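Please read it alongside the model.

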Amino acid sequence: MKPITLKPAYARTAEVLFWLGLASCYFLTPDHLSLMSQILIFGLFAVSLDMALGYAGILTVGHAAFFGAGAYAAGLLAKHGWGEPFSGLLIAMAVCLALGYLLSALVVRGTDLARLMITIGVCMLLAELANRLSGITGGTDGLQGMVVEPLFGRFEFDLFGQTAFLYAFAMVLLVFLGVRLILKSPFGLTLRGIHDSRKRMLAIGSPVDARLRLAYALSAGVAGVAGALLAQTTQFVGIESIGFNRSAEILIILVLGGTGRLYGGLVGAIVYMLVHDWFADMNPQYWQFWLGIFLIAAVLLGRGGIMGALSRLFKTREEAAR
């Protein structure tokens, strides 16, 4: 079937409706705002992974290292008297940017298999470090005692999750728009070129390694923001936030939504976490069995994830021209 070509105005309208639909959850699902906040945060986390994997082509299965580092950075600040949320986000992002750039020297070298092993190893090392430094991080009991100050000095983080949802929505939207701006810039197009053919980009004189290191650092910074948001909205940091299982889960979310697609991470997070929550309520004992069947069926039926399936039905004029 020939895909339908969407006019730019229709594509922009669909994008606006997507974000309005998320914002409307504040009124439509007031009893599930905590879940919706986590969906937004994990969607941003998946977008950060997509920057490295889907756009730059850096194979990584250890991105939870930066998610957890951002969570612990914001959590430790809030625990020790720095509870202002916005500056906490910025500091967490700066920490993860620096950490990502330092580790990028190892990650960009070698083959995909070497990158895979390095990222897994780094994630496991940081998880064990967080476990050993239990006097600082809380170890397996998690980091507790966080005190996040009210937004603008007025809006406290209440038990119903209303402030947390609005805060998470605003920050996720702001960071997502920044990511989109980066990926649509000449730098983002360079990453596309490297992903498609590294040798051709080297042949035209593009500094491939420098571009990949910067892309990895930026994706680490965005993951750190997502981790800090989770820590601030829940006022707790569990050691699982930096573990390998979290990295695997976010990879599943991204593959389900579609790699190399701007909205793949967000759509994947929405579908995965809603289905996860539904199966857990439906069958608390065997929910992983049904979730596994769902994921297998989704991969077999939807090549390229959910966004890949949608792109085969609808194309923008830019995609049609390419």
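Which helix supplies the largest share of the nonpolar patch? The answer is H14, with 3 residues. This is a predicted model: local features need pLDDT of at least 70, side-chain atom pairs count only at pLDDT 80 or more, and totals for chains, interfaces and linings use all residues. Residues are numbered from 1 along each chain as its sequence is written, and side-chain values use heavy atoms, leaving out hydrogens and water.

**Nonpolar surface patch**

- The patch is formed by Trp278, Met282, Tyr286, Phe289, Trp290 and Ile293. Together they have about 670 Å² of accessible area.
- Accessible areas come from the Shrake-Rupley method with a 1.4 Å probe; for residues, only the protein chains shown count as cover.
- Patches are made of residues with over 30% relative accessible area and no salt bridge; like charges are joined within 9 Å, and nonpolar side chains (Val, Leu, Ile, Met, Phe, Trp, Tyr) within 5 Å.
- H13 and helix H14 (287-301) each supply at least two residues of the patch. Helices (H or I, at least four residues) and strands (E, at least two) are DSSP runs, numbered from the N terminus.
- Tyrosine 286 is placed in the loop between H13 and H14. Its relative accessible area is 48%, so tyrosine 286 is partly exposed. Buried means under 20% relative accessible area, exposed over 50%, and partly exposed in between (1.4 Å probe, protein chains only).

**Aromatic pairs**

- The whole structure holds 17 aromatic pairs. Rings of Phe, Tyr and Trp (its six-membered ring) pair if their centres lie within 6.5 Å; planes under 30 degrees apart count as stacked, over 60 as edge-to-face and the rest as tilted.
- Phenylalanine 165 and phenylalanine 169 make a stacked pair, because their ring centres are 6.3 Å apart and their planes are at 25°.
- Both residues lie in helix H8 (residues 162-183). They are 4 residues apart, so about one helical turn separates them.
- Phenylalanine 165 is buried at 1% relative accessible area. Phenylalanine 169 is buried too, at 14%.
- Phenylalanine 176 pairs with tyrosine 263 in a tilted arrangement, 4.8 Å centre to centre and 50° between the planes.
- Phenylalanine 176 lies in helix H8, and tyrosine 263 in the loop between helix H12 (244-257) and helix H13 (264-282). The pair therefore ties together parts that are 87 residues apart in sequence.
- Phenylalanine 176 is buried, with 1% relative accessibility. Tyrosine 263 is buried at 12%.
- One aromatic cluster is formed by Phe18, Trp19, Tyr26, Phe27, Phe165, Phe169, Phe176 and Tyr263.

**Charge over a ring**

- Arginine 213 places its charged end over the ring of tyrosine 101, 4.2 Å from the ring centre. The criterion is NZ of Lys or CZ of Arg within 6 Å of the ring centre and within 35 degrees of the ring normal.

**Salt bridges**

- A search of the whole structure gives 4 salt bridges. Each is a side-chain nitrogen of Lys or Arg within 4 Å of a carboxyl oxygen of Asp or Glu.
- Glutamate 128 bridges to arginine 132, with the closest N and O atoms 3.0 Å apart. Both lie in helix H6 (residues 112-132), 4 residues apart, about one turn of the helix.
- Glutamate 128 is partly exposed at 38% relative accessibility, whereas arginine 132 is exposed at 65%.
- Aspartate 209 bridges to arginine 198, where the closest N and O atoms are 2.8 Å apart.
- Aspartate 209 lies in helix H11 (residues 208-234) and arginine 198 in helix H10 (residues 198-203), so this pair ties together parts 11 residues apart in sequence.
- Aspartate 209 is partly exposed at 38%, and arginine 198 is partly exposed at 31%.
- Arginine 246 and glutamate 249 form a salt bridge at 3.4 Å, N to O. Both lie in helix H12, 3 residues apart, about one turn of the helix.
- Arginine 246 is buried at 13% relative accessibility, whereas glutamate 249 is partly exposed at 21%.

**Histidine 195**

- Histidine 195 is in helix H9 (residues 186-196). Its relative accessible area is 38%, so histidine 195 is partly exposed.
- Beyond its neighbours within four places in sequence, histidine 195 contacts Leu53, Gly54, Tyr55, Ala56 and Gly57. Contact means heavy atoms within 4.5 Å.
- Histidine 195 and isoleucine 58 are 137 residues apart in sequence, but 8.4 Å apart in space, C-alpha to C-alpha.
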